[in-house]
There are 2 protein chains.
Amino acid sequence: MSAGEFDLIAAIAARAGVPRGDVLLGIGDDAALLAPPPGEALCVCVDTLNAGVHFPESTAAFDIGWKALAVNLSDLAAMGAQPRWATLALSLPASDPGLVEALIDGFLSLAEAHTVALVGGDTTRGPLSLSVTALGSVAPERALRRAGAHAGDALYVSGTPGDAAAGLALVQQRLACDDAQVRDALIGRLDRPTPRVALGLELAGLAHAAIDISDGLLADLGHVLAASGVGATLALETLPVSTALRALLPQAELRWPLQLAGGDDYELLFCGPPERIEALPAFARGEFTRIGRIEAAPGLRLTRRGEPLDWRPDRSGYEHFAVQ
Amino acid sequence: MSAGEFDLIAAIAARAGVPRGDVLLGIGDDAALLAPPPGEALCVCVDTLNAGVHFPESTAAFDIGWKALAVNLSDLAAMGAQPRWATLALSLPASDPGLVEALIDGFLSLAEAHTVALVGGDTTRGPLSLSVTALGSVAPERALRRAGAHAGDALYVSGTPGDAAAGLALVQQRLACDDAQVRDALIGRLDRPTPRVALGLELAGLAHAAIDISDGLLADLGHVLAASGVGATLALETLPVSTALRALLPQAELRWPLQLAGGDDYELLFCGPPERIEALPAFARGEFTRIGRIEAAPGLRLTRRGEPLDWRPDRSGYEHFAVQ
């Protein structure tokens, strides 16, 4: 055999060694055998990253591997699920052991941080693409769905939205920045997002609805409102802003397109009873911020210091088929 | 929103309607919620089909969708698992509702035949590619692994290997055929393979080892022998041959490269105690054939009517990175 598909799978399998007692049979047979925890629902999602569409062609291979898993762990986090296993379908333009090694390094370093076992792999020839299916578990009655938002809920977001969109604008030279530290911080949020797994687990059984921000805050909030049949008011002055984004764009209005309509944040947007949610230690640690409230009246209202605002983004969210 | 990603997912979700009581939450949230059967292992595999690599560019969209699921159900069959759910990551060169509809038609028509629910989907822009993760279940002690072959086992294959490779040779004009019926039959085996799910379920807990033939009979048999630490003798005159393949190539020697080294058959290759395996109704129905025996001596020996034969294929199996 050449340095072909079989060697590549063997190389990946040899490194997929997060030891988990619930992996009965890992990579190397026709399929993996796994032991789901009794009484919990299996939680499954799939997301693909294609070069030039979901990450700039210049992105480091380590970061591509990281991000391919991160966006999926973020979906599990948004369900309140405990990540357990993942499969990776890797398409590569040519056999390139160095590239594969760096991709797998990035993938596995995030996998190890969350004790996720890589249990299935497939490598094919084609343009660079990583398709990941992530598997986790959550007690069904504790799962965070999009459809549970109630009028009276407070609305929260984790982290500081807009940083990834600012990073993309810097990479694409739509924005410029002389400060290397600011630049690196923002591009780092684009290339290596942090799935909010621990927060999702804390919110399970507590928040009424949750989603992760992949398409932009307004677009993803719109999904929750539509699924729940409610509306919301968002207080723009409460949007959390990172030090780096504030340094890049000191004027709030210039940050809104990035914070409200930028994609790729992979923060959690969720709502629920404020007295219980703000009692979580993560709130005291500043891991999430109250940014608005859920209301019975349909539609999304933006305010600034209590005054209505009719600002709308040029395009609401990030549609892969709509953008070049 | 344009006719972009969200509409496409909604269109797929609206059609993903195999009703299963074990789907607690289907497409439309951050992740699906599924109820695995208590006491069984979850069985998970992933396989990707890329245009021009895993199917000729001329393949009908219906058949591409069918095959993307078929190759994964074949992996579950080779484990003796009951298929339950699947996710589909679809990469498309441009938004093309007609193409998507035909791909999904093919995918769902096979899914419905096996009551498999499509529970996760992702559509991205890129060269045509379908990456499927299939999920099933099997009692762990009944699962068919590669590593269980014993000396004394009889060796079996389902169906008639070589047909898909002959179909590919016809499509690529490496072989010619005037008989449209023969031609269609062979190309049909390439484009629309039959995952041997029911046979896999019958073999669970009975066969000692199994694999599905995707890389070619000899290559896949080699995987079983290596995993089990045994050898085998294969009696070439017992290889089952389809009417169409015999019509195309009446001379056995010319069929061997296709039957022994051709990929894409998705038949089951398995071994076990002949007295029990040949008592299965599927054996009486001719669904599988005894083609050899497992032996303690390592290596693979080919015979023809009892005489040793030193025939070897030019290349053993089908490596995607090694072929152009």
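Helices here are DSSP runs of H or I with at least four residues, numbered from the N terminus. This is a predicted model, where local features need pLDDT of at least 70 and side-chain atom pairs count only at pLDDT 80 or more. Residues are numbered from 1 along each chain as its sequence is written, and chains are lettered from A.

**Exercise 1.** Find the residue just after α3(B) that takes a positive phi, then check the span of α3(B).

*Solution.* Start past the helix end: Thr115(B) has a positive phi of about 50 degrees. Now go back to α3(B), residues 97-113. Its 17 residues reach 24 Å from first C-alpha to last, close to the 24 Å expected (1.5 Å times one less than the number of residues).

**Exercise 2.** Work out how the axes of α4(A) and α5(A) cross.

*Solution.* First, the axes, lines fitted to C-alpha atoms over the stretch in contact, come within 7 Å and cross at roughly 110 degrees. That makes α4(A) roughly perpendicular to α5(A) (65 to 115 degrees). Next, look at the contact (heavy atoms within 4.5 Å): α4(A) brings residues including Leu168(A) and Val171(A), while α5(A) brings Leu186(A) and Ile187(A), among them.

**Exercise 3.** Which residues of α2(A) and α3(A) make their contact?

*Solution.* Begin with the axes of α2(A) (residues 61-78) and α3(A) (residues 97-113), which come within 6 Å and cross at roughly 40 degrees. Then pick out the partners: Trp66(A) and Leu69(A) are among those from α2(A), and Phe107(A) and Leu110(A) among those from α3(A).

Notes:
Side-chain values use heavy atoms; hydrogens and water are left out. Helices (H or I, at least four residues) and strands (E, at least two) are DSSP runs, numbered from the N terminus. Axes are lines fitted to C-alpha atoms, for helices over the stretch in contact, and angles run from 0 to 180 degrees between N-to-C directions. Angles under 35 degrees count as roughly parallel, over 145 as roughly antiparallel, 65 to 115 as roughly perpendicular and the rest as oblique.
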